[in-house]
Amino acid sequence: MDIKNSKEIITEFVSRSSFIRIYSDPNLPFNISDELSSLSVKEGLDFLFSSSLVGNRVIGFFEELPCFKLDKFFRGDCILILMGLPTNISAPTLFCRRLEDLPKILNVALKLTTDVRLPVVISLSHNVRNNFAITEKYYYDLKTIPTYLAKDTFTSVMSNGDLLDALLAARKILIDSFPDDDADKFTELSFKDSTKRFFNYLLPQIFTLDTDKKIAAYQDEILKFEELFTSAYNVCPNFFVMPEPELYKPKELLCPGCPFVNIFVRTHKEDVVYFTDIKCKAVIEKYKLTYITIDSYFGLLSRTLNAKTLMITRASSYKPHYERMLKTGNIILLNDVSIKSIKGFTTLRHPKKLVADENVLFPYSCYNIKKYGKVKIKKSRCKCVGDNAPICTMATHCSALYIADDTMNIDPSICTGCMACASICKNGAIV
Amino acid sequence: MNYYLILTGAKPEYYDICVKFLIHSAMNSDYVVDIISHSVTSPVSPIYNEIFLTGSSKRKFQKIIVDFDALLEVSERTICLSPDILSIDSDIKATHYWGILGSLFKVISDISPAYVAGYLLENQMKTELSLFTTYSTQLPFAVQVAITEIVTDQD
């Protein structure tokens with residue numbers, strides 16, 4: 001069969017295009033590389049940019065892309081793949097909304113970054129991320145150039161005129177690649193719905209949409225579009241809401257051994273305000289967490305607060321100078337770097353030892369979930385499946401638990417033995 | 001006849017192969033296939049696709065929900081193929097996926113099950129082949145009656 005899924009198309013592109021360095025945000029669907037996943041988004045971007053600056057061909061996969069400034073020409077090719085709509089247009093950005101178009105867009109991006117020596121962003125819609133397509137065989141450009149570092153590599157800055165020339169050159173390449181582009185005629189705009197119209201590409205400083213015209217868009221996208229156009233071009237088109245098709249929502253599943261499940265099942269308190277800097281949409285939505293960075297959290301703790309707080313973050317984000325600010329509020333550090341202990345934190349060996357109101361070094365993070373002993377279900381004690389409300393799956397959303405023969409079962413190949421389900425089973429059926 | 005399929009499954013590796021066979025078989029039966037995917041929020045979130053199979057110029061589409069792991073709560077009166085409706089036991093190796101795929105081939109009778117059967121036979125997947133052929137030739141009586149009623153009412 002010549003039908004490929006999204007991951008296969010991306011993987012083929014990455015493996016055949018001789019990328020020297022690959023950065024990927026953790027937990028992205030393509031699971032391309034984890035060698036740099038301990039870096040934050042900003043660190044990952046800096047890493048790729050400096051690598052590309054001296055002539056390496058690099059690629060990065062991002063859930064969200066921070067705004068960056070183009071002030072140098074890159075010797076090497078640099079492609080940044082973004083899952084979703086950008087919040088700003090910092091570099092030439094191509095939009096892919098149909099998986100069939102992805103190989104062509106990857107090829108155009110590669111040509112563009114080689115010719116104009118700027119990073120190129122490819123923004124993928126939901127429709128591209130878990131889809132299937134029959135794709136033509138593409139032959140990607142495989143040539144690499146030798147690296148070169150001079151004394152002024154990092155200090156030489158390109159002028160605004162040079163940047164504008166490069167962007168105009170990019171525009172020419174893009175007009176040749178997408179000859180049917182008619183952004184000035186749009187009357188509707190949707191990034192997520194591939195049956196509606198959207199831009200093939202956007203460039204910094206160059207905007208083509210007619211802002212006097214009324215444009216239809218889905219309610220949830222209008223805010224994103226307004227943010228994008230205002231921050232990138234300082235214009236705000238005139239949107240009105242178009243009705244959205246209804247979708248079924250499958251039951252949510254979380255990773256077996258998820259640290260958040262263990263924390264909330266074992267220590268959840270109604271009066272605590274929970275924060276995290278880990279970008280997992282599923283847990284943020286399920287547990288109604290507030291996303292802030294660890295520095296912002298310590299800013300909150302400058303004076304004693306009227307409410308209890310708990311910050312859940314990675315051990316690699318924690319810096320020793322925070323220790324003197326640890327007097328109020330609690331922190332759970334997810335051990336992503338296999339550190340043995342941290343001053344001021346209780347080190348846990350198993351999630352079942354977790355207790356509330358302590359600063360804790362949790363045994364693992366989302367990216368290195370540990371596997372413990374086997375968990376069994378005593379079928380004679382498993383009572384609540386028949387009521388259609390098994391508390392173990394409702395509370396943990398664990399993908400290792402499944403119902404068969406009217407009883408709960410555990411898939412031992414993915415169960416991590418964290419015992420979160422056992423801690424909430426009132427009948428003691430999970431041991 | 002045109003079909004609008006809603007598919008969801010929590011085991012990506014098995015879901016992937018089943019959907020590929022569905023697309024392949026439909027295209028070989030001269031359907032125009034259009035696939036839409038939707039967002040997932042975690043690495044283990046169920047995959048959710050909509051597939052439009054266009055076989056005629058009519059604008060009417062028969063809606064079929066293919067819920068490989070019984071993850072959807074469907075309240076409307078529509079054709080729904082899931083392990084609990086078809087009374088297929090779920091298991092770790094996802095053999096039930098093949099039974100559900102078989103039932104879909106039974107409902108969309110002009111798609112040939114030969115590619116799937118050939119693949120399962122070639123790879124000596126006996127349990128999967130048995131489930132697939134069972135459900136692609138005969139649906140449980142109650143399910144067959146319910147599907148006939150839904151289709152008749154909609155006509």
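Me: Before I look at the fold, what counts as a helix or a strand here?

Reply: Helices, of at least four residues, and strands, of at least two, are DSSP runs numbered from the N terminus. In this predicted model, chain A has 11 helices and 18 strands.

Me: How does the radius of gyration of chain A agree with that of a compact globule?

Reply: The idea is to set the value for the chain beside the one that a compact globule with the given number of residues would have. For 431 residues that would be near 22 Å, and chain A, with 25 Å, agrees with it. Taken along the principal axes, the C-alpha atoms of chain A fill a box of roughly 70 × 50 × 45 Å. Among the contacts in chain A with a separation of 6 or more, 68% are between residues 24 or more positions apart.

Me: What share of the residues in chain A is buried, and what does the accessible surface come to?

Reply: A residue is called buried when its relative accessible area is under 20%, and by that cut-off 52% of the 431 residues in chain A are buried. The accessible surface of the chain comes to about 20800 Å², and 51% of that belongs to carbon and sulfur atoms.

Me: How many residues of helix H7 of chain A are buried?

Reply: Helix H7, which spans residues 259–267 of chain A, is mostly covered, with 8 of its 9 residues buried. Those buried in H7(A) include A:Phe260, A:Val261, A:Ile263 and A:Phe264, and also A:Asn262 and A:Arg266. For another helix, one can turn to H9 (residues 294–300) of chain A, where A:Ser296 lies. A:Ser296 is partly exposed, because its relative accessible area is 36%, a value between the cut-offs of 20% and 50%.

Me: How should I read a pair of aromatic rings?

Reply: A pair of aromatic rings is described by the distance of the centres and the angle of the planes. Over all chains the count comes to 34 aromatic pairs. One of them, formed by A:Phe95 and A:Phe198, is edge-to-face, with 5.0 Å from centre to centre and 85 degrees between the planes.

Me: Which parts of the chain does the pair of A:Phe95 and A:Phe198 link?

Reply: The pair links distant parts of the chain, 103 residues apart, since A:Phe95 is in strand S5 (residues 93–96) and A:Phe198 is in the loop between helix H5 (160–177) and strand S8 (201–202) of chain A. Both A:Phe95 and A:Phe198 are buried. Ring pairs also link these two into a cluster with A:Phe186, A:Phe191, A:Phe199, A:Phe225, A:Phe229 and A:Phe239.

How values were computed. Residues are numbered from 1 along each chain as its sequence is written. Chains are lettered from A and ligands numbered from 1 in the order in which they are written. This is a predicted model: local features need pLDDT of at least 70, side-chain atom pairs count only at pLDDT 80 or more; totals for chains, interfaces and linings use all residues. Side-chain values use heavy atoms; hydrogens and water are left out. Buried means under 20% relative accessible area, exposed over 50%, partly exposed in between (1.4 Å probe, protein chains only). The radius of gyration is taken over C-alpha atoms; the globule rule is 2.2 Å times the number of residues to the power 0.38. Contact means heavy atoms within 4.5 Å. Accessible areas come from the Shrake-Rupley method with a 1.4 Å probe; for residues, only the protein chains shown count as cover. Rings of Phe, Tyr and Trp (its six-membered ring) pair if their centres lie within 6.5 Å; planes under 30 degrees apart count as stacked, over 60 as edge-to-face and the rest as tilted.
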